[in-house]
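Welcome! Open your viewer, get ready to select residues by name and chain, and follow along stop by stop.

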Amino acid sequence: MSELEKNPDTAAEELPPEALEDPLYFDPEPKEGAAAHIRSFPAAPEFQEALGYPGERPENWKEVVLDKMQDLRGKFRSFRLFLDICVKCGSCTDKCHYYMGTADPKNMPVGRQDLLRSVYRRYFTLPGKWFPSLVGARELTEEVLDEWYTYYFQCSECRRCSVYCPYGIDTAEITMAAREILDSVGVGMKYTNEIIGKVFKVGNNLGLPKPALESTLEDLEEEIEEDTGVKVRLPLDEPADILLVTPSADFFAEPHIDGLIGYAKVFHATGAKWTLSSYASEAANFAMFIGSYENMRRVALRIRKAAIDLGVKRIIIGECGHAWRAAYQFLNTLAGPFDFLDPNYPVPQHICEYTWDAIQQGKLRFNKEENDFYKMTFHDSCNVARASRMGDYPGGQFDIPRNIIKAVCNYYYDMPEGTIKEETLCCGGGGGLLTDDLMELRKKGGSPRMKALKHVAEEHGVNKMAAICAICKTQFSKIMPYFGFAMDDIMSVHQLVSNAIVLPGSIQEKELMEEEQEEKTPDAAE
Amino acid sequence: MSHGLQWQAGGNDGRMSIGFERVGESPVLTTLFALLYYVAFAIFAGGVAYRIWEYWNTPKPANIPTTPQPITRLGVAWRMFKEVVFFESLWKGNKWIWIFAQLFHASLWLILIRHARYFLDPVPTLVALAQPFGKYAGLTFVLGALGLLARRMFVPRVRYISSPSDYLMLLLFLGIGISGLSMTFVNHTDIVAVKAFMLGLMTFNWQPLPASLPLVVHLGLVALWMIIFPFSKLLHAPGIFFSPTRNMPDNPREKFHPVPWLPPVDQVEYDPPHGS
Ligand code: SF4
Ligand code: SF4
């Protein structure tokens, strides 16, 4: 029995059978306040101050909020335009996984926007000033601020709503602005803001200092040598051609670390001179989640500095969804131009682009049977799907990871239409919500994806799902057990690569050669 | 001035008639509507121009299209075309809203083209060709608006996000549509006189407005529509062309796109390494 069926607050209401099966099921009756109790822990003053925000809410907070709105409306066309032009058509209302999971109408994308739009209208538009009740405008009060904090930290900034909006209104942009406004009056979120502080101080989200990284990487080198008989290096702070920047979860979490081993093997097999950096030991950029360009830039600049100091020619980003967005859409913009790098390669590049290139050039050898236990599916991570690209054509971000999986696995099946590619469902933990204080929301928001997975599990016997996002991987390994899957049913794409790759001079290569010998001389084998 | 004379000539009985018959013209009504239309048009044109200027001048500090997005300008223009004409994203989102919205907007276009005959002399061929369709487009326009209204009233999610102004906007369109239809199908208005009035407005050579209730309602509501346009969600019409998730080519790696308010990268300070 899955969590969904056991869940007391849904089971009691005798949901229709499709609620348990249809990944895109939503409650036709919105339930006001159904998610109002789900609140993340607020940040302590010292963590706010480290990011340049006030530690406490100032006396004149209302003024500051309105000034900030005025400021944002002058700086971001998205903010101004999106607040103006929504026609309340309703197309987005059933598209948010948090609405599907909680039925709270303030989790409908337009409902979420309206929390801010109502105040914007009251203070920045004529109709809102003259006829507030006619246009749904409201005063800025303490309760409003509270509500913002609750519901703007129930959005994973996944952009699914933006796909279905006739004007492309992206609630993620509004959420980012709202979080920036909240931060400007000292109301921040503990999880995101503590982490950004760690990056400023140490260089990564986990606060791993250089010695810790060194010993982890050494352990990994030993492990790979034991498995393959080949000395594969994981260099740190060495002069090289390629700087690999990867989410720090890759250094210790499961299944992330198996992905890191995969990257190292691919670099080894292609003969690349590469390095990690202790200074820029984090691809994640949580400042994007709180909509702060200043802080986002401060994190991005670490990558620039590392690239200069290590004299590299290329920057490659490891498997992570929002990190790939932060790199793809923002790195050049915030920390560029990167004219000191090799102009023959895009800046930055995704590790999947690198691996797929190498596969196409015939530089990698695989034994797909190593992955024959697995019937795979692939979870498109929101930020990769809807806020970036891979390769040189639109939609390459969908094909390249699938191509890699198919190159290293014999069994691959897609989840149902409407839940993949640009319509992919969020894992439920993105956008800075990957914290235990939001566990209830994470389970509910993850349930549509879990139902989609159940579909292919039942139909095709799919038993593993691969992803290229550190947050997705952590989130799934945490929530999958509630839905009848095992913690390790989520895998890294490069973990599959790592399993199947046959390194020159490795034990695997020898075994393969022996097998081939036996096949060629069947009599001798008898 | 000449129009003074024409008032005398046209406004023979000098009183406004109420009823579906065209009983005459009233100088008061003509002046009122002439002035109303000048004001409404000024607010509409000035307001929309101002909004466009605002959107144009507000930075798009990063390249944030909702991907997959075309890489070239031409590709983006094609996506925008599909969005504006076929409501591509809405089609993906909700088929019912799409049907009613298409019915509503396509009819509106036909109606607007048909109405051009009141402003253009001689009437261009295209407008003449649209005449028979434009006539019935009024019906599908009302049907579309009713469909949208029904969704707003009866679908709980849509009801939740609707403000009074959202209903009023649809009622406004229904009022315009029904008053217009009644002049076409129920009680004919002297459209020759209406055309003379409109052309007169444009040439500052006022002509009398026929005083019939449906016409007064129709023209009054249209003027109201023009006045609220720049202050309301009707801005979606020019706004869509400025939407950063739809109108930017997907090229952040290929093209440097600096944030206008951040100092250039050679003037920044880097955080010191850990432990230093
Ligand atoms: S961005 Fe994603 S999480 Fe946020 S409102 Fe839109 S669909 Fe929901
Ligand atoms: S789809 Fe877009 S226009 Fe329609 S209600 Fe949602 S945000 Fe507003």
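A polar contact is a pair of N or O atoms within 3.5 Å; within protein, one must be able to donate a hydrogen and the other to accept it, and residues adjacent in sequence count only if both atoms are side-chain atoms. This is a predicted model, where local features need pLDDT of at least 70 and side-chain atom pairs pLDDT 80 or more, while totals for chains, interfaces and linings use all residues. Residues are numbered from 1 along each chain, chains are lettered from A and ligands numbered from 1 as written, and side-chain values use heavy atoms, without hydrogens and water.

**Stop one.** Select T424(A), in the loop between α20 (396–408) and α21 (439–460) of chain A; helices here are DSSP runs of H or I with at least four residues, numbered from the N terminus. Its side chain makes a polar contact of 2.9 Å with the side chain of R449(A). T424(A) counts as buried because its relative accessibility is 0%, and buried means under 20% relative accessible area, exposed over 50%, and partly exposed in between (1.4 Å probe, protein chains only).

**Stop two.** Next, select F131(A), in the loop between α9 and α10 (142–152) of chain A. F131(A) is partly exposed, at 45% relative accessible area.

**Stop three.** Move to ligand 2 and show the 13 residues around it, meaning those with a heavy atom within 4 Å. Which come nearest? They are C86(A), C89(A), G90(A), C92(A) and C165(A).

Technical notes:
Helices (H or I, at least four residues) and strands (E, at least two) are DSSP runs, numbered from the N terminus.
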